Amino acid sequence: MPKSPRRPAGLPDKDTLLEFLREAGEAEKADIARAFGLKGVERRALREMLKELEAEGQLGKRGRKGFAEAGAMPPVGVADVVERDADGDLFVRLTKGGEDAPLALLLPGDSERGAAPGLGDRMLAKFEKEGDQWTARMIKKLGQSAHRLLGVVRKGGRETRIEPVDRKAKDFLVLSKLEAEPLRDGDLVLAALEKSERRHGPKQGKVLEIVGREDDPRAASLLAIHAHGVPTGFPDAVDDEAQAAEAPTLKGREDLRAIPFITIDPMDARDHDDAVFAEKDEDPANEGGWIVWVAIADVAAYVRPGSALDRTARDKGNSTYFPDRVEPMLPEHLSAGLCSLKQGENRACLAVRMVFSKDGRKLSHRFVRGLMRSHAKLAYEQAQDAIDGKAEGETADLTGPLMEPILYPLWNAYAAMLKGRERRSPLAIESSERRILFDKDGEVSGIQARVSIPAHRLIEEMMVQANVCAAETLEQKKTPLIYRVHDTPSQEKIFNLADFLQTIGKPWTKGEAPTTKRFNRLLDETRDSGHAEIVNEVVLRSQMQAIYSPENIGHFGLNLDRYAHFTSPIRRYADLIVHRALIRALKLGDDGLTDSEATELQAIAEHITATERRSMAAEREATDRYVAAFLEEHVGATFAGRISGVTRFGLFVRLQETGADGIVPISQLGDEYFVHDDRAHALVGDRSGKRWRLGREVEVKLVEATPITGGLVFEMVSEPEPRDPNAQAPRLGVRGRSGGGDDRPKRGAKRPGGPKPPSGGLKGVRKGKRR
C-alpha cells in the first residue's frame, strides 16, 4: 500500500480542519488559510484537501465560496421558510445553503416580536441541533423571500380570496372590494403581498397580473411558467437580430454537403440540431472499424457574445419543454429555421469525425466547421421499423433508398460502439417517463408510457461520444470550458439504499464503494422480480444531480472521466459555450469564446445549472397538473399502484397505468398509531405490527384530483401486511395517528429519511437525456 503524501508544514489534518469549521459554522478558503497562516504551496494543498473532504461527503458548499461541515448549520444565519408539512410545522432552509444543508424545524417564537412567520418569509435565525433534528428560532424577520403568490380567485359571499396553486402552500391572500371588483371567480392571477398593520388573520393582497382561467386547457403550463419564473417570449431587439441572420455560405467552412447526413428525431420535432452518418473505415490498420460523423447546428455563427440574442439566451439558459408547448431558448427564426438542420437545405455546422475500432474503442477524432445538407428527416420509429423490416407505406417509400447507403452502416457502427459502451458500463436506469396526449381542443385525452427503442440509444450513444470528444479536445488545447459533471453518490444516500435493500433480501455492504457496475448488477439481479420497478426508482434517487462546472470531477452515471455538452446548442446555453470554446481553441473563426466569458465560466455554470432545475421543476409541475386533469373524471375508481414513498404523514403511491403519483394520508390507514420506521422504509402499526412498506403493490381508490395544484389523494383499498417477526424495532419514534388526532412529532424528531417522492435526478428530456 503506497504511503500517504507528506503534507506541507502548517497545513492542518482533516480532523483539525473539520473541527475548525464546526466551531466557525462556515468559512471561505481564504478565511481558513488566514486562520492557519498558509501561503503558496500550502494554500494549494488546502484546496486539494477541501476537494477531498467534499468528495467524501464530509464538507458541503455554502454559497459560491463558503464551506461547512456536511449537514451542519451555522450558529446564526439567514433562512427562508420553505415548507409546511401535514402537521402544520414550518421548516426553513439557509438562503446560501448547499444541497447538503438540512431543513430546520422552526420553533415557536415570542409573539411580542411581531406576527408569526409564514411560508415565503425570510428571517435571521439561530440554529441548534436537538437529537438528529436541526431547529431554528427566529431572531428577526427580514421581510418576504417570495413577495408574489400565484393563485386562483375564489369569490365568496363576504370576501374574495386568492388561493395558492402550490399544493404545499396553505396561506391565502384576501383582496379589497376595489381589487376584487374586475375579477371573476376562477381567474388565475399573480398577486403581491400588501403592507399592512394587521398582525393577525389573512394577509392582504394586490393583483399584479391576470394570467388566465383555471378552465383553460393550457392553464397547467401557464401556471408552471409563472410559478417558476420561466422567461417567455423575446424582446424586439432579439427578434430583430434573429430576422437579420443570413443563410450560410462556404466562407471559412469545409464543404460537407456530399456526406449523406440524416436527422433522427421525435415524430413531432420542429428543430433538428444534430445529424449523423457512418461508413466503414477503409484503413487496413483498422479492419472492421467504423467512421462516425456527428454534425451539430452552428449556433455560435448567429448568436454572438454580448449580443441581444446572447444575453437573452443566457438568461433563459435552456429551452423548457411542457407537454403542450415549448418555451425556446432562441427565436423561432433560428431554432426552427437557420439553426435547424432541415432536409435539403444548406446549414452551417460544427461537426466531429470519429474513428472507432471494431470493438468500440475510439481511436481518433477531429472537429470541422462546415457547410452540410441533411439528406433525409426520419422519426425514431421510422428508422427502427426500417431496420426491423416493418416499414410500410410512406415509411417504406422514405426509408427504402436509405437502407444500404445510410441506415445499415449507422446500425452496424452502433453495434461496434455498443461493445465499448458495455465495457464502460454506464448506469442502466430505465426511464419511467410518460407522454401526455391531447385532443384537438387541447384537453388531455390519454397518458402513454415512453418506450425506449434501439434507435433512441443509437443517437444517444453517438451524442455521448461527440460530447466526450469536445471535452477531450478542449482539455488538450488547454482551453477553459464548462463540463457536465455528475458526482459519486454520497455516503448518506448509499446508507439509505442499503437499508432499503435489506428489506427485500438484497445485501449491500455499507462500506462498499458505489460503482456503476455494482448498481447495474443490482438492477440485473432484480429485473425479473416483483421489486424491479421500485429498485430502479430507489437507485435513481440514490444518485446525485448532474450539474455544470468549469472544474472537472467526471461523470459518474456515464462512467466517463470527462464530459461536456456539445450536441444541443439550439436548446442549451452550455453547448453554445462549448462551441465557442472549440472555435477559439481550434482557430475556426473570430466568434469564439471571449476572454471576458472565460473569466465568467463559474458564474455561467451556476446560472445554467439553476435554469435547468427551474425548467425541470416547471415541466414536472405542468405534467402533474395535466395528469390530475385527466384523472379528475375518474374520482371514485380504483387503480393498481405501488408504494413509492413512505413518510410520517402518509404513503405516496404511483399508479401503474399512468405513472401518476398521489398520497394516501395516514388517517386512511387504520385505527391505530403508525410509527415511521426510516430504516425499513415502512409505516408500522404500534399495536398490531402491521406494515406498509416501500415498493409494495397495492390497490387504491382515487378520492380527490385537483388539476389546479396537480394534487391526487387516494384511499387505501388493500390490507396491510402482517407483522414481520424478524423485523428490528423501528428506529424512529415519529407517530402518525390514523383516523385523526394529534400526530405531531415530538420536538427534535428526525425528518423522514430514505427515498423521497420523485423529484428529478437523471430524468431525461426530448432526445436523449439531461445527462
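Helices α9 and α11 sit roughly perpendicular to each other (65 to 115 degrees; under 35 is roughly parallel, over 145 roughly antiparallel, and the rest oblique). This is a predicted model, where local features need pLDDT of at least 70, side-chain atom pairs count only at pLDDT 80 or more, and totals for chains, interfaces and linings use all residues. Residues are numbered from 1 along each chain as its sequence is written, and side-chain values use heavy atoms, with hydrogens and water left out.

**Helix α9 against helix α11**
- The axes of α9 (residues 380-387) and α11 (residues 403-424) come within 11 Å and cross at roughly 95°; axes here are lines fitted to C-alpha atoms, for helices over the stretch in contact, with angles from 0 to 180 degrees between N-to-C directions.
- On the α9 side, the contact (heavy atoms within 4.5 Å) uses Ala383, Gln384, Ala386 and Ile387, and α11 brings Met403, Leu407, Tyr408 and Trp411.
- Sorted by class, that contact has 7 nonpolar residues, 1 polar and no charged. Nonpolar covers Ala, Val, Leu, Ile, Met, Phe, Trp, Tyr, Cys and Pro, charged covers Asp, Glu, Lys and Arg, and the others, Gly among them, are polar.

**Helix α14 against helix α15**
- For α14 (residues 516-526) and α15 (residues 532-541), the axes come within 9 Å and cross at roughly 165°, and the two helices are therefore roughly antiparallel to each other.
- Phe519, Leu522, Leu523 and Thr526 of α14 meet Ala532, Val535, Asn536 and Val539 of α15.

**Aromatic pairs**
- There are 5 aromatic pairs, counting rings of Phe, Tyr and Trp (its six-membered ring) with centres within 6.5 Å; planes under 30 degrees apart are stacked, over 60 edge-to-face, and the rest tilted.
- Phe261 and Trp293 have ring centres 6.3 Å apart and planes at 90°, so they make an edge-to-face pair.
- That pair links distant parts of the chain, 32 residues apart: Phe261 is in the loop between β14 (254-255) and β15 (262-265), while Trp293 is in strand β17 (residues 290-297).
- Phe261 counts as buried at 0% relative accessibility, and Trp293 does too, at 5%. Buried means under 20% relative accessible area, exposed over 50%, and partly exposed in between (1.4 Å probe, protein chains only).
- Trp508 and Phe519 form a tilted pair, with ring centres 5.2 Å apart and planes at 35°.
- Trp508 is in the loop between α13 (491-503) and α14, and Phe519 is in α14, so this pair ties together parts 11 residues apart in sequence.
- Trp508 is buried with a relative accessible area of 6%, and Phe519 is buried at 0%.
- Together with Phe556, Trp508 and Phe519 make up one aromatic cluster.

**Helix α5**
- Helix α5 (residues 219-228) has 7 of its 10 residues buried, so the rest of the structure largely encloses it.
- The buried ones in α5 are Ala219, Ala220, Ser221, Leu222, Leu223, Ala224 and Ile225.
- Just after α5 comes Gly229, with a positive phi of about 65°.

**Whole protein**
- The protein has 18 helices and 35 strands, taken as DSSP runs numbered from the N terminus (helices H or I, at least four residues; strands E, at least two).
- Of the 771 residues, 51% count as buried.
- Among contacts with a separation of 6 or more, 69% come from residues 24 or more positions apart.
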